[in-house]
Amino acid sequence: MLPIERVKKHFKQKLSDTERLKIEVPEWGDELENGEIEPFVMYARPETISEREQYIQGVRDGKPSASVDLIIVRCKNASSVNIFKSSQRETMLANADPHIIDRIALQILTWDQEISNTVEDEKKP
């Protein structure tokens, strides 16, 4: 097997073995008949290197929009289909609550770090 095929196989296995992060956003939810809020639910899956690079570059450039880009790229519905389209980016930048966007981005980034720490712990004897 070619080395690149081993790389791809490993990451594909990681994607299938790693549970997705469930993100609940009550502010975007639906009000039920009983007055309770059913939160909007979306999921994140492990990041790719290109996604990480895009986010880090946005942060280095001092762009708060990096959090919006992270959500657009990483957030999926229960069927693993993107929740948001890149064509909706400007609408999100102009109309989304920045505190909620930052909270979602922080959840994803914290989860990424936890996954990374788990991998490092598994390497230790």
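Read from the N terminus, the elements of the protein chain follow the order α-β-β-α-α-β-α-α, which amounts to 5 helices and 3 strands in what is a predicted model. Along the principal axes, the C-alpha atoms fill a box of roughly 55 × 40 × 25 Å, and of the 125 residues in the chain, 27% are buried. When contacts between residues at least 6 apart in sequence are considered, 57% of them join residues at least 24 apart. The chain exposes about 8900 Å², of which carbon and sulfur atoms supply 52%.

Turning to charge, the chain carries 18 positive and 23 negative side chains, with the centres of the two sets 10 Å apart, and the structure holds 10 salt bridges. One of these links Lys8 with Glu5, whose closest N and O atoms are 3.4 Å apart; both residues lie in helix 1 (residues 3-17), separated by 3 residues, or about one turn of the helix. Lys8 counts as partly exposed because its relative accessibility is 49%, and Glu5, at 34%, is likewise partly exposed.

Another salt bridge pairs Arg52 with Glu47, the closest N and O atoms being 2.7 Å apart. Here Arg52 is partly exposed, with a relative accessible area of 43%, whereas Glu47 is buried at 15%.

Arg74 and Asp112 also meet through their side chains in a salt bridge, at 2.8 Å from N to O. Because Arg74 lies in helix 3 (residues 65-74) and Asp112 in helix 5 (residues 98-123), this pair ties together parts that are 38 residues apart in sequence.

Key:
Residues numbered from 1 in each chain as written. Predicted model: local features only at pLDDT ≥ 70, side-chain atom pairs only at ≥ 80, totals over all residues. Heavy atoms only, no water. Helix = DSSP H or I, 4+ residues; strand = E, 2+ residues; numbered from the N terminus. Buried < 20%, exposed > 50% of the residue type's maximum accessible area, 1.4 Å probe, protein only. Contact = heavy atoms within 4.5 Å. Areas by Shrake-Rupley, 256 points an atom, 1.4 Å probe, with all protein chains shown as cover. Lys, Arg positive; Asp, Glu negative; His and termini not counted. Charge placed at Lys NZ, Arg CZ, Asp CG, Glu CD. Salt bridge = Lys/Arg side-chain N within 4 Å of Asp/Glu carboxyl O.
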